[in-house]
Amino acid sequence: MPVFSTAVASSFFFAIAFVLVLRFIAKTSLLYMVVKGFQSITDYFHAYQYYRIPQFDENLQPNQLYLRVHAYLHSLPSLEDSNFTNLFCGAKPSDIVLRLDSDLTVHDSFLGAKLRWKLEMHSDHHRQNSSFSFVLKLRKDDKRRVFRQYFQHILSISDEIEQQKREIKMYITADGCARRWMAVPFTHPATFGTVVMDIDLKNKVKSDLEQFLRSKQYYHRLGRVWKRSFLLYGQPGTGKSSFVAAMAKFLQYDIYSIDMSKISSDSDMTILLLQTTPKSLILVEDLDRHLMKRSTATSASGVLNFMDGIASYCGEERVVVFTMTDKSGIDQAALRPGRVDVHLHFPACDFSAFKTLAISHLGVKDHKLFSQVEEVFQSGTSMSPAEIGEIMIANRSSPSRALKSIITALQIYSGDGDGRDRNGLKWTGGGSAIHDEDEIGSRRFFFKDNLSMGKLYGLLKLGLRKNEECLDSHSMEKN
């Protein structure tokens, strides 16, 4: 019995030693080369099936399946086990995000099948740009059993990731490449709650957007593409850009900002349009300048084709926003329904908008100087919300000083006191309604006094003391 026990023990220790040796050999380059050679042999005899998922389709539009696979693979724990990954900061400073590098592999398993993904980069020397593809390697024996279920699994997981980590992005044309978009996080803090606008008009816009989001079947029943277009017009500083940001936040749509001054031809503009994705807000600023062919390589007909040409109907679930300073000099055929569905006028600041700014910027709902501010507004003078807001920010530590500075600035801007603002036009006040078609006339905007903000602050410094004394005495008489 002792001899038998000794033999068993010896065999047991020999087996352990053999396993340890195998583990050691497995870590050596020799065995690695053997394994790679075996994989090459199996590939040669077509033991595997390969599937390529390119970043763009044949029409240069983003491949939605590529985006789904990208989100899915970057959520896999096995990404950390890849022999090389890129590290980035996430949306929060404390987040570390892993990103797969090109020509490297991520392993996955599904229903007992082993799957391998590889990110490949392709260069297009003719177009002087590059793109990527995901390549799936799957055993032929597992294809019939798991293929469809696996991709349904990917779509389901990617949808969950999209809902949990929805981050609005802003796309701009890449530097030196007018036909490709580059994405950056969109962190603008504006919302419909912070936008200074007539409350009824704001609610109408929100209602219009909500109805649009629910109207896919309705548009299709009419035989129309599911998209909606807005024109925002008004002087600089009246809040058009902030309103665009609020729209994107409300819709949870990415923004594609098309800078036509960097586009070399009409065809490039069309290609950029075709590359936009569903759930996107397409922004074209200063439309009046582009339609009037000022310092741009695109033609007026190219811009019109961009607005409602056949290429504009090659994608759905999009909101298109155009901005301009003045629409009075534009051919109304360019702004007809179909090209522009909703017209929104952004006026200069009136007393109602001023009170909203005072609450948000100064924390003041009422003040003894409000009556004097209202008197100046009623005389017909006005400034943009951005200008008044900037004065409030500069004097936020003293609401009284801020209001006195605003009164002084309004008096300086009043010009000849004929009820017109510094642009030679009389503003209508609280904002125009949706589909507002009021014509301002054939007059073009002009700057009567051409005061810059720098000159404004210089005048404020010179005249503030005298005006403060007058205002203080005027306030004491009223009280």
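Mentor: Helices (H or I, at least four residues) and strands (E, at least two) are DSSP runs, numbered from the N terminus. By that rule the protein chain has 15 helices and 13 strands. The model is predicted: local features need pLDDT of at least 70, side-chain atom pairs count only at pLDDT 80 or more, and totals for chains, interfaces and linings use all residues. Residues are numbered from 1 along each chain as its sequence is written, and side-chain values use heavy atoms, with hydrogens and water left out.

Trainee: Why is Thr 408 called buried?

Mentor: Buried means under 20% relative accessible area, exposed over 50%, and partly exposed in between (1.4 Å probe, protein chains only). Thr 408 has 3% relative accessibility and therefore counts as buried. Thr 408 belongs to helix 14 (residues 399-413). Its C-alpha atom is 9.6 Å from that of Val 376, 32 residues apart along the chain.

Trainee: What makes Ser 158 buried or exposed?

Mentor: Its relative accessible area is 4%, so Ser 158 is buried. The residue is part of helix 4 (residues 140-164). Contact means heavy atoms within 4.5 Å. Leaving aside neighbours within four places in sequence, Ser 158 is in contact with Arg 68 and Ala 71.

Trainee: How is Glu 317 classed, buried or exposed, and why?

Mentor: Glu 317 has a relative accessible area of 14%, and is therefore buried. This residue lies in the loop between helix 10 (300-308) and strand 12. Glu 317 also has a positive phi of about 55°, although it is not a glycine. Leu 111, in the loop between strand 4 (105-110) and strand 5 (113-124), has a positive phi as well, near 50°.

Trainee: What share of the protein chain is buried?

Mentor: Of its 479 residues, 42% are buried. Among contacts between residues at least 6 apart in sequence, 70% join residues at least 24 apart.

Trainee: What makes a set of residues a nonpolar core?

Mentor: A nonpolar core is a set of buried Ala, Val, Leu, Ile, Met, Phe, Trp, Tyr and Cys residues joined through side-chain atoms within 4.5 Å. The largest one here has 30 residues, and those with the most contacts inside it include Phe 230, Met 247 and Leu 281. Among the elements that give two or more residues to this core are helix 5 (199-213), helix 7 (240-251) and strand 12 (318-324). Helix 7 gives the most, with seven residues. Met 247 touches Phe 192, Leu 209, Phe 230, Leu 281, Val 319 and Val 321, not counting residues up to four places away in sequence. Apart from this core lies another, of 25 residues, among them Tyr 171, Val 303, Phe 306 and Val 320.

Trainee: How do helix 11 and helix 12 pack, and at what angle?

Mentor: Axes are lines fitted to C-alpha atoms, for helices over the stretch in contact, and angles run from 0 to 180 degrees between N-to-C directions. On that basis, helix 11 (residues 351-362) and helix 12 (residues 370-378) pack at about 145°, with their axes 10 Å apart. Helix 11 contributes Phe 351, Phe 354, Lys 355 and Ala 358 to the contact, while helix 12 contributes Phe 370, Val 373, Glu 374 and Phe 377.
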